[in-house]
Amino acid sequence: MTVTQEAAPVSHYDRIGGANAVKAAVELFYDKVLADPDLADYFATVDMVGQRRHLALMLAVVLGGPNEFDGRGLAEAHQPLGITVEQYALVGGHLSAALTELGVPADILADVQAVLAQVQDQVVAAGTRPGA
Ligand code: HEM
């Protein structure tokens, strides 16, 4: 007799270790951002406790975990800041580096990078995009 077992779908969020893993990634990510002279000024007056919390909640959603995000939309939070494509790429690089350093598997990293590409136009200031 053959027994077929339903494979329980495991989210990226659970695969990397849930809330604690996301928190560790966000900590490492913002440490890198704040150490980057091309980005640090943006965060000089930002409440980094709230900032880390918001990004952790957003990253949880992106990874298929619980949706408890209670912050503003990406466009609303970022459009007034005048962020350029170059700065966006730097931030994306720091996030990828943080996830890689923490041992996040390549397929999950690729999915996060795909989301970064999708939301770029919400974050980068319309006025700084060529042709926008
Ligand atoms: C890569 C994609 C990005 C994601 C997913 C992201 C995510 C977030 C989130 C969730 C918030 C909090 C929103 C709120 O609840 O108010 C936020 C705020 C902020 N982000 Fe980003 N961010 C990204 C890129 C960037 C970049 C490239 C910069 C600057 C170079 C930046 C600078 C800021 C600043 C300064 C705030 C605080 C704004 C304020 O408090 O008025 N972000 N971001």
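Select histidine 78 together with the ligand: a nitrogen atom of the ligand is 2.7 Å from an N or O atom in the side chain of histidine 78, which is a polar contact in the sense used here, a pair of N or O atoms within 3.5 Å, where within protein one must be able to donate a hydrogen and the other to accept it, and residues adjacent in sequence count only if both atoms are side-chain atoms. Now show the iron atom of the ligand, for which His78 is the only protein donor, through NE2 at 2.0 Å; donors are N, O and S atoms within 2.8 Å of the metal (3.2 Å for Na, K and Ca), and water is not among the atoms, so sites may look incomplete.

This is a predicted model, in which local features need pLDDT of at least 70 and side-chain atom pairs count only at pLDDT 80 or more, while totals for chains, interfaces and linings use all residues. Residues are numbered from 1 along each chain as its sequence is written, and side-chain values use heavy atoms, with hydrogens and water left out.

**The surroundings of the ligand**

Colour helix H4, residues 74-78, to see where histidine 78 sits; helices (H or I, at least four residues) and strands (E, at least two) are DSSP runs, numbered from the N terminus. Next, select the 21 residues around the ligand, of which Gln51, His54, Gly71, Arg72 and His78 come nearest, a residue being near a molecule or strand if one of its heavy atoms lies within 4 Å of it. Among these, arginine 72 has a polar side-chain atom 2.7 Å from an oxygen atom of the ligand, and glutamine 51 places a side-chain N or O atom 3.5 Å from a nitrogen atom of the ligand.

Colouring by class gives 15 nonpolar, five polar and one charged residues, where Ala, Val, Leu, Ile, Met, Phe, Trp, Tyr, Cys and Pro count as nonpolar, Asp, Glu, Lys and Arg as charged, and the others, Gly among them, as polar.

**Stops away from the iron**

Move to aspartate 47, in the loop between H2 and H3, which counts as exposed because its relative accessibility is 53%; buried means under 20% relative accessible area, exposed over 50%, and partly exposed in between (1.4 Å probe, protein chains only). Its side chain reaches the backbone nitrogen of valine 49 at 3.1 Å, and a polar atom of that side chain lies 3.2 Å from the backbone nitrogen of glycine 50.

Phenylalanine 43 is found in the loop between helix H2 (18-34) and H3, yet phenylalanine 43 is buried, with a relative accessible area of 17%. In helix H6, select valine 112, which counts as buried at 5% relative accessibility. Finally, glycine 82, in the loop between H4 and H5, is partly exposed, with a relative accessible area of 31%.

**The whole chain**

Zoom out to the protein chain, whose secondary structure comes to six helices and zero strands. Its C-alpha atoms fill a box of roughly 65 × 35 × 25 Å, taken along the principal axes, and 34% of its 132 residues count as buried.
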